[in-house]
Amino acid sequence: MRPALEGFARREWGPLFGTVRAALRDRGWRAVALTLGAVCLTSLFQLVQNQPWGYGPVQAVGSVRAEDPLWQALLRTPLSLFVPALDLPVWGALAQVLVVFGIAEVCLGRARTLLIAYTATLAGTTYARVGIALGPDAPLGLGLPASDARVVDTGPSAAVVGLAVFVCWRYRARLTGWLVIAAMVVEVVVKPNLAGKEHLVAIAVVVAGYGVVLWRQRRSPSPVTRRPPSPVPRPSPSPPLVPGPSPSRVTDGSRSGKPATTSWNLRASRTQRRS
């Protein structure tokens, strides 16, 4: 039983664990600098918004509601990712950011991590407006009641879920990715609120983006299958020239270095002697 579990763990999390371990061993905390900054920013927002003077400023810069104007929601979205929800323990948000953002930063890079995180967050925020417009009687439970327009949509939960699914599928931890999706579906079934439905929408958008990435990779030829360029033919080297006597001259065997007489001069001299 134990070898089977070890083999499963190696297949499921081996590439992911090896990538994270190598990055932390070679670069240390610099490999997760973005994650550490996000943890510090989330802790700062939590500390400030619990002060009597700090709740208003934090809500003004980082709280997003469906009833707010769209331009205002877009301006607040970058910081809303790091404002923890007041009705949830802050240690849960910090643990999510530390683990999921850290793994994603190592495996995907900082730019791609931020891109996926904000894409998932914007997908959830956009769905809130669309769901309220559809109403609670929409088919397949896609609608939302009008009261959800006043619900504060903050926290990194949608970004965390989207990053977790993308990283798991990118590093072939498919079962773990499906478990994350199943957990979000159970959350919506047990407690059908705005946050749970936003998580499902974020997952759907991230999965669609992952499908586009796979499609582009299959369309572009891999370096192994590319045909190498045909070599330019080179001219064959000409044989070396061997010095020798001129074909129109015949040597007379002398070593004096004088030019040898030709065959026509020899015949002329013999004819003169006979005469």
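By class, the lining of the largest cavity in this predicted model has five nonpolar, one polar and five charged residues. A search of the whole structure turns up one cavity of 30 Å³ or more.

Which helix gives the most to that lining? It is α6, with three residues. Two helices, α6 (110–134) and α9 (194–219), each supply at least two residues of the lining.

The volume of the largest pocket is about 1,000 Å³. There are 43 residues lining this pocket, and those closest to its centre are A85, L88, T154, S157 and A195. Two or more lining residues come from each of α3 (55–62), α5 (90–108), α6, α7 (157–170), α8 and α9. Sorted by class, the lining of the largest pocket has 24 nonpolar, 13 polar and six charged residues.

The second largest pocket comes to about 280 Å³. Here α9 gives the most to the lining, with six residues, and α6, α7 and α9 each supply at least two. The residues in question are R112, L115, I116, T119, F166, R170, V205, V206, G209, Y210, V213 and Q217. Seven of these lining residues are nonpolar, three are polar and two are charged.

Next, one helix pair. Two packed helices are described by the angle between their axes and the distance between the axes. For helix α1 (residues 2–27) and helix α8 (residues 174–190), the angle is about 75 degrees and the axes are 8 Å apart. Angles of 65 to 115 degrees count as roughly perpendicular, so α1 and α8 are roughly perpendicular to each other. On the α1 side the contact is made by F8, E12 and W13, and on the α8 side by R174, L175 and T176. Three of the residues in this contact are nonpolar, one is polar and two are charged.

Last, the annotation. An unreviewed UniProt entry places the feature "transmembrane region" at residues 31–48, 88–108, 115–134, 154–171, 178–194 and 200–217. I will take two of these spans. In the model, residues 88–108 are 90% helix and 0% strand, with end C-alpha atoms 28 Å apart. What does the chain do over residues 115–134? That span is 100% helix and 0% strand, and its end C-alpha atoms lie 28 Å apart.

Definitions and conventions. Residues numbered from 1 in each chain as written. Predicted model: local features only at pLDDT ≥ 70, side-chain atom pairs only at ≥ 80, totals over all residues. Heavy atoms only, no water. Axes fitted to C-alpha atoms, helices over the stretch in contact; angles between N-to-C directions. Helix = DSSP H or I, 4+ residues; strand = E, 2+ residues; numbered from the N terminus. Parallel < 35°, antiparallel > 145°, perpendicular 65-115°, else oblique. Contact = heavy atoms within 4.5 Å. Nonpolar A, V, L, I, M, F, W, Y, C, P; charged D, E, K, R; others polar. UniProt positions renumbered as here; feature names shortened; annotations may be inferred. 1 Å grid on protein atoms, 1.4 Å probe; cavity = no way out; pocket = protein on both sides within 12 Å on 5 of 7 lines; lining within 4 Å. Points joined across faces, edges and corners; volume = space filled by probe spheres on them.
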